[in-house]
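Colleague: I would like to learn how to read a helix and its surroundings in a model of this kind. Could we go through one case together?

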Amino acid sequence: MVRVELPFPVPLSACFTNAKGRGRVPTARYTAWKTEAAWMIKSQKPEPIKGQVSVSVRLVAPDKRHRDAGNNDKAVLDAVVRAGLIEDDSNRFVRRVSYEWADSGKPCTVLIQRYEGSV
């Protein structure tokens, strides 16, 4: 199992914007988050997991607003792919994703383990 801590993810709605003549491009906020997440992962020196995986994400909201955990999916999975922790975030490799909200702790904790199949 691999465990990494990340900054609280940028929601999907804040990841991309339309740029005239360039189509959809990453926002400055998302680019900054990806850079911070990459450095955090690198500093933790996790070992990659090859093949099919299950991903569990534990989130601690930075404030009291109501949030949708699924809106954080893009940022979290792209960060672990970019860091080389998993091969890809397609359904070929990521077979299960789960989210948990916690009242305290690190903003985002990601657990990655080999996929063991359905229970």
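Modeller: Leaving aside neighbours within four places in sequence, Lys-34 is in contact (heavy atoms within 4.5 Å) with Pro-26 and Arg-82. This is a predicted model, in which local features need pLDDT of at least 70 and side-chain atom pairs count only at pLDDT 80 or more, while totals for chains, interfaces and linings use all residues. Residues are numbered from 1 along each chain as its sequence is written, and side-chain values use heavy atoms, with hydrogens and water left out.

Colleague: In which helix is Lys-34 found, and why does Lys-34 count as partly exposed?

Modeller: Buried means under 20% relative accessible area, exposed over 50%, and partly exposed in between (1.4 Å probe, protein chains only). Lys-34 is found in helix H1, and it counts as partly exposed because its relative accessibility is 23%.

Colleague: Which residues of H1 are buried, and where do they lie around the axis of H1?

Modeller: An α-helix has 3.6 residues a turn, so residues three or four places apart point the same way. In H1 the buried residues are Tyr-30, Trp-33, Ala-37 and Ile-41. Seen down the axis, the buried residues of H1 fall within an arc of 65 degrees (taken from the directions from the helix axis to the C-beta atoms), so they line one face of the helix. The face turned away from that buried side carries the exposed residues Ala-28, Trp-39, Lys-42 and Ser-43.

Colleague: What covers the buried residues of H1?

Modeller: The cover includes strands E1 (2–6), E2 (16–19) and E3 (23–26), together with helix H2 (73–82); helices (H or I, at least four residues) and strands (E, at least two) are DSSP runs, numbered from the N terminus.
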